[in-house]
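Student: I would like to learn how to read a structure like the one shown here, one feature at a time. Could you take me through it slowly?

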Amino acid sequence: MRTLYVRKDSLSAKGATVVRDEDHRSIYLLIGRWGRRPDTLSLYQISGTLMAELRQTNLGLLPQFDIYYQNQKVGRIAKRFGFFNEFIYISNLRWIVVGNFLTGHYKIYHGTTTIMTADADDDQMHITCSQKSYEPVCLCIAATLDHWANRRTKFKLPGQAWHVSFNVPNDMRGNRAWHYEHAHKKYRVLK
């Protein structure tokens, strides 16, 4: 078992992401994009060999991706309602992903066997696979989960999003956000 390291902000981003090992050597390169039906996320070895792919098969609220390993379809991952409180089932592989996807702490199981463990700190994701041959598929799954989690954290509560929607500084008295903020301060003082 070896641990792979990926910068958290780059895992779900469009463009290229480098995956490194414990010695900071580049092992894999993750390239692709999201959002349209034929979009593909591809994982290459640093030497240029294609290892795994995620192909988006449908759009909407519950997108689905087919997982390919060495040009053969091995599974499908689909977003479900209750994504952040439940588990994800990866069909054909019969893997179950359990954990907190928003914080980046989760595990992938096949029965009672642990396939992968993901842990995240402030800036890096640590991915440990039980077998080296699982790494390409697990990295694609981790990129998908991170993408879904990052899209989820962009939605904020109305009180938090209110200030984000204005490009005017909050200290201007003519700004609605300023009045909204100060009205709540007065209300808190009156309690």
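**Confidence, strands and cysteines**

Tutor: Confidence comes as pLDDT, the predictor's score for each residue from 0 to 100; among the elements of the chain, the lowest mean, 44, belongs to helix α3 (residues 158-164), and the highest, 94, to strand β11 (residues 113-120). Helices (H or I, at least four residues) and strands (E, at least two) are DSSP runs, numbered from the N terminus. Over residues 153-170 the pLDDT is below 50, although this stretch has 20 contacts (heavy atoms within 4.5 Å) beyond near neighbours in sequence. This is a predicted model, where local features need pLDDT of at least 70 and side-chain atom pairs count only at 80 or more, while totals for chains, interfaces and linings use all residues. Residues are numbered from 1 along each chain as its sequence is written, and side-chain values use heavy atoms, with hydrogens and water left out.

Student: Which strand is joined to β11 by a hairpin through three residues?

Tutor: Strands pair if DSSP finds at least two bridges between them; the hairpin leads from β11 to β12, and these two pair antiparallel over five bridges. Alanine 118 stands opposite isoleucine 127 in β12.

Student: How many disulfides does the structure hold?

Tutor: A disulfide is a pair of cysteine sulfur atoms within 2.5 Å, and the structure holds zero. The sulfur of cysteine 129 has its closest cysteine sulfur in cysteine 138, at 3.8 Å, which is too far for a bond. Cysteine 138 is buried at 0% relative accessible area, where buried means under 20%, exposed over 50% and partly exposed in between (1.4 Å probe, protein chains only).
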